[in-house]
Structures are given as structure tokens and as C-alpha cells.
Amino acid sequence: MQDLILDERCVEMINYGYVALRPLPKSETHVLGAQIRSCMLKIHRLIITAAKRYHKKTTLTDLDIEVAMLQRMVRLAKDLKFIDLKKYQIWSAFIVEIGKMVGGWIKSVKTTR
């Protein structure tokens, strides 16, 4: 059941991320913006993959890594002033929530084995 909530939160994060990336400078739309979009979609794909797999450990580790990478890329966008502080705070809250849920999922998989 947790994976369904995680999937919903991820979709909300992706929707917000796409809106937050709209004002990116044209030079960064196809570089950093594309990397961030790709990372968000990969996170969503890994959530679905982990939910469907019997052995989840490797997929969840990959998911945790992607969440960490997304957090760093969004922070970079804020530091370069491509997104404002308010958008960063909202987006970062989504990412932190997803990270906590993934961490809990990893913990639950480790204790059941």
C-alpha cells in the first residue's frame, strides 16, 4: 500500500517540477532542465519497477540514489538562480518526503528478509 502513496506523491512532485522548470533560461532548458526531468521520470519508473519486483533491494537502492541526485540538481538550479527560493522550498519538500518514504520502504524490505 505504501508504494501507491509513494507513486501519488511522485506524480505530484513531477507535476510541480515541470511547472517550476518553465521559466528556466533557454540555454538551460535542454541541459539542466532535461536532466532534472529525466531524473524525475526515472524515479517514477523505479517506483513502479520496485512495486512489481519480488526482489526489491537493488531497485530500491537505485531509487534512493536517483532521489539524492534529483535533490542535488534542484539545489544547483536554485544556487544558479534558475528557480526562486520559494519554488525550491516547495519542490525540495516533495523530494524529502519521497526520500523518507523510500527509506522506510528499504528498511521494511531489510527487516522482512
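Which residues in H3 are buried? In H3 they are Leu 32, Gly 33, Ile 36, Arg 37, Cys 39, Met 40, Ile 43, His 44, Leu 46, Ile 47 and Ala 50. Buried here means under 20% relative accessible area, exposed means over 50%, and partly exposed is in between, with a 1.4 Å probe and protein chains only.

Some conventions. This is a predicted model, in which local features need pLDDT of at least 70 and side-chain atom pairs count only at pLDDT 80 or more, while totals for chains, interfaces and linings use all residues. Residues are numbered from 1 along each chain as its sequence is written, and side-chain values use heavy atoms, with hydrogens and water left out. Helices (H or I, at least four residues) and strands (E, at least two) are DSSP runs, numbered from the N terminus.

Now the helices themselves. H3 covers residues 32-52, which is 21 residues, and reaches 30 Å from its first C-alpha to its last, close to the 30 Å expected at 1.5 Å a residue. The expected span is 1.5 Å times one less than the number of residues in the helix. H4 has 23 residues and reaches 33 Å between its end C-alpha atoms, close to the expected 33 Å. Its buried residues are Thr 59, Leu 60, Leu 63, Glu 66, Val 67, Leu 70, Gln 71, Met 73, Val 74 and Ala 77.

Next, how H3 meets H4. They pack at an angle of about 155°, with their axes 9 Å apart. Axes are lines fitted to C-alpha atoms, for helices over the stretch in contact, and angles run from 0 to 180 degrees between N-to-C directions. H3 and H4 are therefore roughly antiparallel to each other; the cut-offs are under 35 degrees for roughly parallel, over 145 for roughly antiparallel, 65 to 115 for roughly perpendicular, and oblique for the rest. Their crossing is left-handed, that is, the near helix is turned anticlockwise from the far one by less than a right angle; clockwise would be right-handed. The residues of this contact divide into 17 nonpolar, three polar and three charged. Ala, Val, Leu, Ile, Met, Phe, Trp, Tyr, Cys and Pro count as nonpolar, Asp, Glu, Lys and Arg as charged, and the others, Gly among them, as polar.

Take Glu 66, in H4. Is Glu 66 buried or exposed? At 14% relative accessibility, Glu 66 counts as buried. Leaving aside residues up to four places away in sequence, Glu 66 touches Cys 39, Lys 42, Ile 43 and Leu 46, where contact means heavy atoms within 4.5 Å.

Leu 76 is also in H4, which spans residues 57-79. Leu 76 is partly exposed, with a relative accessible area of 39%. Leu 76 and Leu 32 are 44 residues apart in sequence and 9.1 Å apart in space, C-alpha to C-alpha. By contrast, Ala 51 and Lys 78 are 27 residues apart along the chain, and their C-alpha atoms are separated by 32 Å.

On to H5, residues 85-112. H4 and H5 pack at an angle of about 165°, with their axes 10 Å apart. That makes H4 roughly antiparallel to H5. The residues of this contact divide into 15 nonpolar, three polar and three charged.

Last, the loop between H4 and H5, where Lys 81 sits. Lys 81 is exposed, with a relative accessible area of 72%. Its phi is near 65°, a positive value in a residue other than glycine. Most residues other than glycine have a negative phi.
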